[in-house]
Amino acid sequence: MIKGQIEAIKKHADEYVIGVVTSRFNEVVTSKLREGALEELNEVGVTYFDVSVPGAVEIPLAAQWLIESKKCDAVITLGAVIRGETSHFDYVCNSVERGCTELQLKFNIPVVFGVLTTENGPQALARAGGAKGNKGKECAQVALEMLALSRELKR
C-alpha cells in the first residue's frame with residue numbers, strides 16, 4: 001500500500017468492518033495466515049469479525065453469511081489446500097476460488113482470496129510466515145487497499 005492509502009485507512013478505520021474466514025483444515029498453516037491478517041488489521045485499528053470453518057469448501061458460504069449480515073465491508077478468506085494423490089485438490093481449489101469470486105461480484109465488496117494452493121506442506125509453510133512472507137498479512141493489506149480505493153472512487 002502507498003503511504004497516502006495507509007493514512008486514509010487509519011483516519012477512517014472506525015468506519016470499516018472486515019470479516020475474516022479461516023479454514024481449520026491444515027491448521028498448522030492456516031493459524032499462521034490468520035495471525036498475520038489479524039495482526040495487520042489490529043495495527044491499523046479496523047474492527048473485524050473472526051470466524052472459522054471446518055475446511056476450505058465451507059469458506060464461501062461463511063463469507064456469504066458475513067456479507068448478508070451487512071456487518072462487513074470486505075471479507076478475507078484464508079485456507080490451505082495441499083495437493084494429495086487424487087484429483088480432490090483440483091475440485092476443492094476450483095470450488096473455493098469460484099465461490100469467492102462470485103461473491104465479490106454479486107455483492108460488490110472485496111472478497112480477498114487468501115487460500116493457499118500448494119504442491120506440498122513446505123510450500124504452504126513458506127507462505128504462512130516463512131521465506132515467502134505471510135499471505136494472510138498480505139490479504140489484509142489488499143482488503144484495506146480495496147476499501148480505500150472504493151472510498152476514493154465513491155467521492
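A: A pocket, as the word is used here, is an open set of grid points where a 1.4 Å probe fits, with protein on both sides within 12 Å along at least five of seven lines. The model is a predicted one.

The largest pocket has a volume of about 310 Å³. It is lined by 13 residues, and those closest to its centre are Asn108, Pro110, Met146, Ser150 and Lys154. Helix H6 gives the largest share of this lining, six residues. By class, the lining of the largest pocket holds seven nonpolar, three polar and three charged residues.

Eight of the lining residues of the second largest pocket are nonpolar, five are polar and two are charged.

The largest nonpolar core has 26 residues, and the members that touch the most others are Ile18, Val29, Leu41, Val46, Ile76, Leu78 and Leu144. At least two residues of this core come from each of strand E1 (17–23), helix H2 (27–44), strand E3 (74–82), strand E4 (111–118) and helix H6 (135–153).

Ile18 shows the packing in detail. Leaving aside residues up to four places away in sequence, Ile18 touches residues that include Leu41, Val46, Phe49, Ile76, Leu144 and Leu147.

Methods
Residues numbered from 1 in each chain as written. Predicted model: local features only at pLDDT ≥ 70, side-chain atom pairs only at ≥ 80, totals over all residues. Heavy atoms only, no water. Core = buried A, V, L, I, M, F, W, Y, C linked by side-chain atoms within 4.5 Å. Buried < 20%, exposed > 50% of the residue type's maximum accessible area, 1.4 Å probe, protein only. Helix = DSSP H or I, 4+ residues; strand = E, 2+ residues; numbered from the N terminus. Contact = heavy atoms within 4.5 Å. 1 Å grid on protein atoms, 1.4 Å probe; cavity = no way out; pocket = protein on both sides within 12 Å on 5 of 7 lines; lining within 4 Å. Points joined across faces, edges and corners; volume = space filled by probe spheres on them. Nonpolar A, V, L, I, M, F, W, Y, C, P; charged D, E, K, R; others polar.
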